[in-house]
Amino acid sequence: MNQTPNNLATFCWSIADLLRGDFKQSQYGRIILPFTLLRRLEGVLEASKEALLAENEKIQKMNLPEEAQEQLLLRATGGLSFFNTSKMDMSKLGEADIKANLESYIQAFSKDAREIFEYFNFAEFIAQLNDADLLWKVVQKVRSTDLSPKAISNHDMGLTFEELIRRFAEGSNETAGEHFTPRDIVRLTTSLVFMEDDDALTKPGIIRTIYDPTAGTGGFLSSGMEYVHELNPQAVMRAYGQELNPESYAICKADMLIKGQDVTNIKLGNTLSNDQLYADKFDYMLSNPPFGVDWKKIETTIKDENTLKGFDGRFGAGLPRVSDGSLLFLMHLLSKLRDSSDGGGRIGIILNGSPLFTGGAGSGESEIRRYILEADLLETIVALPTDMFYNTGIATYVWVLSNKKSAERKGKVQLINGVNLCGKMRKSLGSKRNEMSADDIATITRSFGAFEVVDAITLDELGLNKPAEVKSNRGRQSANPKTEAPKTFASKIFDTHEFGYRRITIERPLRESFQFSDERLAELRFAAKPLYAPMKWLYETYGNAWSDSEACSQAPAADKSKEYGVLTEHETDIRKHLKAHFSDVKEAKIKELLDQKLWNSQLLVLLTARQLQVQIGTKQCDDMNTFDAVLSKACKNESIKLDPKAKKQITMAVSWKNPEAEKVVKKVHSNAAASPFYGLFAESGGAGNGKKVVEYKADGDLRDNENVALDQLQSVNDLNEAYFTKEVQPHVPDAWIDANKKDEKDQEIGIVGYEIPFNRHFYQYQPPRDLIAIDSDLDAVSAEIMNLLQEVHS
């Protein structure tokens with residue numbers, strides 16, 4: 001047999017023919033992968049087997065700890081990172097006791113290799129195969145091919161194992177996306193990250209490190225090593241990774257072991273809460289973190305690191321909302337970049353659309369984007385086609401970041417729109433319906449490498465002839481269908497500050513009127529929310545017999561049940577009704593509602609307001625600035641001493657917002673200069689009929705925010721005031737900028753925010769269909785409906 005990687009993978013996968021019927025399709029890989037690994041390890045160990053067994057006999061007599069034994073045995077392997085002390089191999093297992101012998105053989109591996117089989121749950125599948133009388137047949141099938149280094153190199157064996165992993169992932173669509181990134185996306189991301197490193201691609205013996213914090217089955221690690229190997233076989237790539245899923249971890253570790261990597265660099269665990277490579281920095285990092293997964297379970301750990309370590313930790317820039325941890329992985333990768341003084345590093349990470357724009361100015365997401373852009377770490381973002389992943393069809397993007405930008409890229413960000421660079425797959429795999437060809441990937445990488453602006457150009461002009469999408473012919477077909485927009489490719493380059501803005505708060509004056517009308521005063525009988533509604537219901541239901549005058553009398557009521565605010569005899573019914581209709585009112589508030597003191601205190605406020613009404617009258621006043629004087633005069637005339645709580649209740653009851661009323665003055669400044677942009681207005685009425693500087697109360701309901709684009713060539717105040725003059729003042733001339741809302745970092749007015757509105761930059765306007773064509777279609781549909789109705793009636 002010609003042992004090419006594809007042929008070998010096909011042969012290994014043919015074990016599935018034996019499994020069919022006894023095992024599910026999604027289980028095939030869980031059996032084929034560890035058996036293939038076992039056969040490869042056996043072949044690698046073959047040359048040093050005798051020497052190792054002889055050394056093992058000596059070491060066993062020394063009675064050393066396991067770790068010490070392992071170190072001595074590894075020396076006997078001639079430079080390998082694993083060993084097996086069993087005298088058996090797959091040809092000596094025997095049919096009668098094959099289960100026990102195979103399990104014993106697995107247990108004789110060194111710790112790292114043995115762990116892989118444990119996380120595969122290999123013992124469980126061995127038992128199932130044995131119960132189905134298939135174990136002997138599978139072992140014979142596996143041992144019939146030669147997977148030793150003499151027959152197939154580490155590189156080709158790695159390709160074979162990758163192909164088996166791909167088949168396994170595609171055979172289990174329901175979980176493929178959890179641990180497997182499609183190879184076309186891996187290839188694109190890897191190309192973008194590595195293409196700038198001329199040394200790694202040309203110099204012999206160059207050493208580079210590659211890291212994936214969400215390693216999955218090791219696809220990105222393998223692709224990075226393969227990419228460099230193709231261009232520079234003498235380069236040395238050292239792989240590091242961490243994975244949360246035990247099965248994916250086992251596959252990744254097995255793949256790295258087959259490729260001759262040091263598998264102690266592959267870790268199991270949660271990267272965000274337990275970084276097991278915390279002291280390491282890397283040349284290259286590639287990652288496809290889970291989209292939209294919350295980090296609630298590790299919230300305390302993450303927040304503690306943010307608070308206690310700040311920028312000395314990983315999350316100093318800020319924290320995204322708990323519902324999506326994608327940006328946490330990005331910050332983790334940034335913390336792993338090799339220092340620029342040591343050559344720097346580069347990152348390729350796949351994210352959904354949320355990290356581009358979620359969160360306004362000052363939010364955790366915006367602050368993270370701010371840190372990345374102001375530190376000039378972002379090189380490019382590539383928009384991918386939809387339906388590219390096994391478990392989601394949403395829009396996705398490749399971010400490329402680096403702390404060693406070339407001179408021409410400094411202070412710049414390139415956005416590449418590759419949403420149309422794909423073709424339909426013959427057979428969908430889960431949600432993956434599209435795939436990128438080598439030409440599609442080359443188009444993007446060329447554009448990135450050239451670092452040039454590409455105006456929207458059709459795919460035909462690029463020589464990427466894509467077959468037209470087949471439209472459904474079901475239902476009525478329009479006689480004048482809408483013209484489909486041509487599929488294009490484009491690239492744009494921006495200065496980093498162009499994604500920033502400053503959010504300024506726009507205030508408008510509060511305008512209020514007041515009136516001591518009977519209707520408004522009647523509201524004082526009831527307390528404020530949340531007691532207002534239940535009190536009103538209680539009064540309407542049980543208060544018919546209550547008398548306001550008797551409540552104020554010192555003499556006891558003849559009938560206690562008719563005394564104002566007494567609800568004792570109705571308590572059972574009241575509780576039942578409140579629980580059914582006012583569920584937000586808790587026990588403490590229910591007790592308060594049933595307490596006569598509450599009712600009497602509210603009635604006292606009502607009666608006090610009625611006394612004041614005699615002095616103030618019932619006429620509406622549209623100048624709230626006179627309210628305090630009017631109220632004080634009435635209190636004095638009626639000899640009323642109004643406590644602050646009662647005054648607040650009365651004020652709220654008799655006043656309301658009125659756009660036709662006068663502006664409410666907050667403060668008059670005697671020694672301040674007018675500054676109308678920031679709420680200090682010069683008004684007539686000062687000493688000697690001159691001007692006074694007035695500050696008005698702000699109306700929270702009219703508060704608004706405006707985003708002012710950043711511009712490094714102008715001062716913040718000049719930018720804000722120019723924007724305000726052009727965009728705000730013509731529409732609301734009485735507005736002003738809140739000068740107290742300042743950015744925490746630069747202490748300038750307005751809060752800095754960053755977002756990357758990718759789709760807005762590449763939007764192409766498509767005019768709607770002509771009205772005549774739409775009318776024609778409607779006429780045709782109407783005529784058809786009338787014909788159908790006539791057939792029904794005939």
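1. Start with helix H3 (residues 28–45) and helix H8 (residues 122–131), which pack with their axes 10 Å apart at an angle of about 110 degrees. The two are therefore roughly perpendicular, a label for angles of 65 to 115 degrees; under 35 counts as roughly parallel, over 145 as roughly antiparallel and the rest as oblique. From H3 the contact takes Arg30, Ile31, Pro34 and Phe35, and from H8 it takes Phe122, Phe125 and Leu129. Contact here means heavy atoms within 4.5 Å. By class that gives six nonpolar, no polar and one charged residues. (Nonpolar covers Ala, Val, Leu, Ile, Met, Phe, Trp, Tyr, Cys and Pro; charged covers Asp, Glu, Lys and Arg; the others, Gly among them, are polar.)

2. A word on the ground rules. This is a predicted model, with residues numbered from 1 along each chain as its sequence is written. Local features need pLDDT of at least 70 and side-chain atom pairs count only at pLDDT 80 or more, while totals for chains, interfaces and linings use all residues; side-chain values use heavy atoms, with hydrogens and water left out. Helices (H or I, at least four residues) and strands (E, at least two) are DSSP runs numbered from the N terminus. Axes are lines fitted to C-alpha atoms, for helices over the stretch in contact, and angles run from 0 to 180 degrees between N-to-C directions.

3. Now for another helix pair: helix H12 (residues 183–194) packs against helix H20 (residues 438–450) at about 20 degrees, with axes 10 Å apart. That makes H12 roughly parallel to H20. H12 brings Asp184, Arg187, Leu188, Ser191 and Leu192 to the contact, and H20 brings Ile441, Ile444, Thr445 and Phe448. Five of these residues are nonpolar, two polar and two charged.

4. Two strands count as paired if DSSP finds at least two bridges between them.

5. Strand S5 (residues 346–352) is worth a look. Strand S4 (residues 284–287) runs parallel to S5, joined by four bridges, and Leu286 has Gly348 as its bridge partner in S5. S5 and S7 pair in the antiparallel sense over seven bridges, with Asn352 opposite Thr396 in S7. Seven of the seven residues of S5 are buried (under 20% relative accessible area; exposed is over 50% and partly exposed in between, with a 1.4 Å probe and protein chains only). Arg346, Gly348, Ile350 and Asn352 point one way from S5, and Ile347, Ile349 and Leu351 point the other way.

6. Strand S8 (residues 412–417) is mostly covered too, with five of its six residues buried. S8 pairs in the parallel sense with strand S6 (residues 378–383) over four bridges, and Gln414 in S8 is the bridge partner of Thr380. Six bridges join S8 to strand S12 (residues 488–495), and this pair runs antiparallel; Asn417 has Ala490 as its bridge partner in S12.

7. Leaving aside neighbours within four places in sequence, Asp387 touches Thr392, Gly393, Ser431, Lys432, Arg433 and Asn434.

8. Last, His229 sits in helix H14 (residues 219–231). His229 is partly exposed because its relative accessible area is 31%. Between His229 and His155 there are 8.5 Å in space, C-alpha to C-alpha, although they are 74 residues apart in sequence.
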